[in-house]
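The following report describes a protein model for a reader who is new to structural terms. Please look at the sequence and the structure first.

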Amino acid sequence: MNRTKGDEEEYWNSSKFKAFTFDDEDDELSQLKESKRAVNSLRDFVDDDDDDDLERVSWSGEPVGSISWSIRETAGNSGSTHEGREQLKSRNSFSSYAQLPKPTSTYSLSSFFRGRTRPGSFQSLSDALSDTPAKSYAPELGRPKGEYRDYSNDWSPSDTVRRLRKGKVCSLERFRSLQDKLQLLEEAVSMHDGNVITAVLIFLKRTLSKEILFRELEVRQVALRHLIHFLKEIGDQKLLLDLFRFLDRTEELALSHYREHLNIQDPDKRKEFLKTCVGLPFSAEDSAHIQDHYTLLERQIIIEGTFSSPVNLKKTFKIPDKQYVLTALAARAKLRAWNDVDALFTTKNWLGYTKKRAPIGFHRVVEILHKNNAPVQILQEYVNLVEDVDTKLNLATKFKCHDVVIDTYRDLKDRQQLLAYRSKVDKGSAEEEKIDALLSSSQIRWKN
Amino acid sequence: MAFPHRPDAPELPDFSMLKRLARDQLIYLLEQLPGKKDLFIEADLMSPLDRIANVSILKQHEVDKLYKVENKPALSSNEQLCFLVRPRIKNMRYIASLVNADKLAGRTRKYKVIFSPQKFYACEMVLEEEGIYGDVSCDEWAFSLLPLDVDLLSMELPEFFRDYFLEGDQRWINTVAQALHLLSTLYGPFPNCYGIGRCAKMAYELWRNLEEEEDGETKGRRPEIGHIFLLDRGISVSDVDFVTALCSQVVYEGLVDDTFRIKCGSVDFGPEVTSSDKSLKVLLNAEDKVFNEIRNEHFSNVFGFLSQKARNLQAQYDRRRGMDIKQMKNFVSQELKGLKQEHRLLSLHIGACESIMKKKTKQDFQELIKTEHALLEGFNIRESTSYIEEHIDRQVSPIESLRLMCLLSITENGLIPKDYRSLKTQYLQSYGPEHLLTFSNLRRAGLLTEQAPGDTLTAVESKVSKLVTDKAAGKITDAFSSLAKRSNFRAISKKLNLIPRVDGEYDLKVPRDMAYVFGGAYVPLSCRIIEQVLERRSWQGLDEVVRLLNCSDFAFTDMTKEDKASSESLRLILVVFLGGCTFSEISALRFLGREKGYRFIFLTTAVTNSARLMEAMSEVKA
């Protein structure tokens, strides 16, 4: 404890906790820091052995020997990194797990549900088939599904989908007429289980020609969506495109084709692939984007590493002024290329005079520069270009551009404000001298 | 601060039973493959598994080594391989490549695939096509309800959202129905059921089917939970409910989720939070006493609370001055441990707050929130649009930019075509042209649309109506209906008073309504609907709202006689979110519960937030 009791009391009594608003964060942060300091000051007294208590907090009260951690260890071990092995040794991984506390309960719920003791009990077929109420807790426990099958061939469509929903093996082969197949599909759809709908669709896809399948699905939207998703997942791109073509969904067709480029790693192949996308029936605006995408890749390949003029890119891709300036500004500021920043806002008129212009407004320029840690001299330059006097003063004060503040008050002939500002600059600094010089100047006719 | 529950608030059922059930099922399944085996676990299942079992349990059941399922050849030399996976095609291909490589090398081993929470026929089809059907045995581990907290159950199925709301695939609906069935078997029947949304209705019907088939089990049981409320994330065809999930979160738990990402109930606090050189994985739940008191608070109240706490802690430590030996002994043996624990938690949450503050200050959070509020209230649309434009141009964050565009689109019933084109173009130029696939997804899901000029809309409508007149076509597709039957966020928010009128400042310290979770600017639609329906015990008088939500066919109630339900159970409400819920919604309902003497229990397919929603819609390189 390095504070005396008196200190602490003084601290707590003097701090007032006000409602928080997001704009006076300085205040709140300092408040937070105070609390933190106070808490940290307790540390010497508190810190000792049980450092990792927190990792074990768990509302069910059980200690968790992390599985995720263990898997990382396996990976580290098989990857045979030195570090990994060291870690393994020091935290004596697998060998020591047996020493971890045993699970709190030896009483097994599953044995209760199965109505018998745990280890490897085998159930007779008749047991498994009788629908005892208890089984619904854990419907599949105790009956590995492959072990019994129902070869009955005369399940009705509704019985069939119900069995499918339960995950039971169930032959669909007897649904041979189109009518039977469609009835089966409709039963599946009306039951709402997507897994069953897909199961029936897999069967239909295998036993119907694609024209017939597509035709029937066109008027069954729910089933159609399931088929589309299924084809996407298993990656049957050819059938998917055929389906979109059949449905006359040209835009989806184009997008689906375009999506494939995401899986192509090689830049040249990717570019070639994009070329095949250019003529596809996208919407008018997307067509332009695809064309741009292709042009971009083409250019990236050509310029590789050589200089490419940003202005040229801006023209080719019709990048709006604002977007261009924001991007270029952030990029140049990061590189601390202040001359480039300057050039970005300099325009020449026909007489050759230069003028500063910013399509985003100089107040934004200042903020962006500040975010990129621009020095005060640079900030100052742009703060000065802000037209609105109040905004200018605000920014200048916020970013401590003293010269701008002082000059502005001088121009406003505001003696009071200047006097007030004097207390904010460092004692004996050049700024203070400048203010003093101004205040004692007889040249200025102060308004107050 | 940290509103206590009312003294008459009902007790929550004990959900830890679900963990034991899942663990015992897993043990049983592992025993089905007797002898030593290596276990391959899918990455997404690792955190949930960590919450119910540990390595020693696996070791006890002869699991030798653990591997992550990833696209790499397996180094395992074990004679038995067990795979614990989600039912995904890519997992089947991975397993097939392993098995087929073994076959080629003339090696025979035993393989077992355990699907969690269930297997899909499409997976079996792939096993068949790859020629390994029969070589591997398949099982299901019906682990679909993970208690993340005393009042929060998660199915840990984030893919539910994309599968259903984007692709229209209903594969998870049966999983939800099974989970509800399990709950009613364990905790008794639910006397009152309410729901809204197409998916909610389907899940409800399938669940009812299940109960009928296995009739008799829940009969005679005393209900422990009096009400169940099912609702869709984007309340079916309307999509306006996405607004809630798209807003920046400002209650502590939500903010922690937005900033650090809470994963399966725990969060990794990096060195910037722990103020040491290591990261710390921390469970966030009611057991953490400090967290529990601030989790539902608006962020602005959190500092004051933590300072107060720090002061109290200091005072408690100070008591030891002037203690005699005996008192000191008592202090050390009885109080010190608790104080130390509190001290650790306190410094951790102070660190988290500090880090949040730094990040939010850097990204001009104030201005962002201002824009969101303007969008919600529908003023200064031009200004907001150019704010978003600048956000894109400065390449602040692809996900954030997308989120703001969606918020603009939903609150304004679509972007005007000129803005849509210009924002999209700039977005593609800022973040990559392949995102035009993302835009296509968002349009299909109704999250980001273009206001159709008159003739385009008619064309779409005529195409849709052609399909609709065909009786077999049934319902219109979601995609078209989101275009043709636009919902109106403004009308709904007016009707349900979602944007409270406030005279003067909204006092966030003493919230008057659920809007406090968004700084007083907006009451989450889902929560308001639940409040209204519970008040009426039906949808009566809410016809206009239901109509505006385009849910006339998908709002339902089902009440049974309540004679068996205790008055306590009738104040317990299970809310089921299909497609995910946010911590803000959870906080809002906890607040409502305290006001009305209810307690809410949350069941969600996954905890979500705006970033997760946007990522689910994004198409980028694999």
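## Strands and sheets of chain B

In this predicted model, strand β8 (residues 192-196) of chain B and β12(B) run antiparallel and are joined by five bridges. Two strands count as paired if DSSP finds at least two bridges between them. Strands (E, at least two residues) and helices (H or I, at least four) are DSSP runs, numbered from the N terminus. Within this pair, Cys193(B) is opposite Asp558(B) of β12(B). Strands of a sheet pair through backbone hydrogen bonds, either parallel or antiparallel.

Both strands belong to an open sheet of seven strands in chain B, with the order β6-β7-β14-β13-β9-β8-β12 and mixed pairing. At its edges stand β6 (146-149) and β12 (555-559) of chain B, each with a single partner strand, so one side of each has no neighbour in the sheet. From one strand to the next, the twist averages 20 degrees. Axes are lines fitted to C-alpha atoms, for helices over the stretch in contact, and angles run from 0 to 180 degrees between N-to-C directions.

On its other listed pairing, β8(B) runs parallel to β9(B) over five bridges, and Ile196(B) has Leu231(B) in β9(B) as its bridge partner. In turn, β9(B) is joined to β13(B) by six bridges, and these two strands run parallel. Here His227(B) has Ile573(B) of β13(B) as its bridge partner.

Is strand β9 (residues 227-232) of chain B enclosed or open? Six of its six residues are buried, so β9(B) is largely enclosed by the rest of the structure. Buried means under 20% relative accessible area, exposed means over 50%, and partly exposed lies in between (1.4 Å probe, protein chains only). In a regular strand the side chains alternate between the two faces of the sheet. For β9(B), one side holds His227(B), Phe229(B) and Leu231(B), the other holds Ile228(B), Leu230(B) and Asp232(B), and all of these are buried.

Chain B also has an open sheet of five strands, ordered β2-β1-β3-β4-β5, with parallel pairing. Its edge strands are β2 (63-69) and β5 (136-140) of chain B, each with a single partner strand, so one side of each is left without a neighbour in the sheet. On average, neighbouring strands of this sheet are turned by 20 degrees against each other, direction ignored. Inside the sheet, β3 (residues 80-85) and β4 (residues 110-115) of chain B pair in the parallel sense over six bridges. Val85(B) is opposite Phe115(B) of β4(B).

| Pair | Sense | Bridges |
|---|---|---|
| β8(B) and β12(B) | antiparallel | five bridges |
| β8(B) and β9(B) | parallel | five bridges |
| β9(B) and β13(B) | parallel | six bridges |
| β3(B) and β4(B) | parallel | six bridges |

The loop between β2 and β3 of chain B contains Glu70(B). Glu70(B) has 31% relative accessibility and therefore counts as partly exposed.

## Helices

Helix α25 (residues 583-596) of chain B lies across β6, β7 (152-154), β13 (572-578) and β14 (599-604) of chain B, at about 160 degrees to β14(B).

Helices α1 (residues 16-31) and α2 (residues 43-52) of chain B have axes that come within 9 Å and cross at roughly 110 degrees. The two helices are therefore roughly perpendicular to each other. Angles under 35 degrees count as roughly parallel, over 145 as roughly antiparallel, 65 to 115 as roughly perpendicular and the rest as oblique. In contact (heavy atoms within 4.5 Å) are Lys19(B), Ala22(B), Arg23(B) and Leu26(B) of α1(B) with Leu49(B), Arg51(B) and Ile52(B) of α2(B).

## Chain A

Chain A has 26 helices and two strands. Of its 448 residues, 42% count as buried. In helix α9 (residues 157-165) of chain A, the buried residues are Pro157(A), Thr160(A), Val161(A), Arg163(A), Leu164(A) and Arg165(A). Their cover includes α10 (178-191) and α11 (194-207) of chain A, together with α5 (121-129), α7 (173-187) and α8 (198-213) of chain B. Just after α9(A), Gly167(A) has a positive phi of about 80 degrees.

## Confidence and conventions

The model scores ipTM 0.91 and pTM 0.78. The average pLDDT of chain B is 88, and 91% of the residues score at least 70. pLDDT is the predictor's confidence in each residue, from 0 to 100. Over residues 465-485 of chain B, pLDDT stays under 50.

Residues are numbered from 1 along each chain as its sequence is written, and chains are lettered from A and ligands numbered from 1 in the order in which they are written.

Definitions and conventions
Side-chain values use heavy atoms; hydrogens and water are left out.
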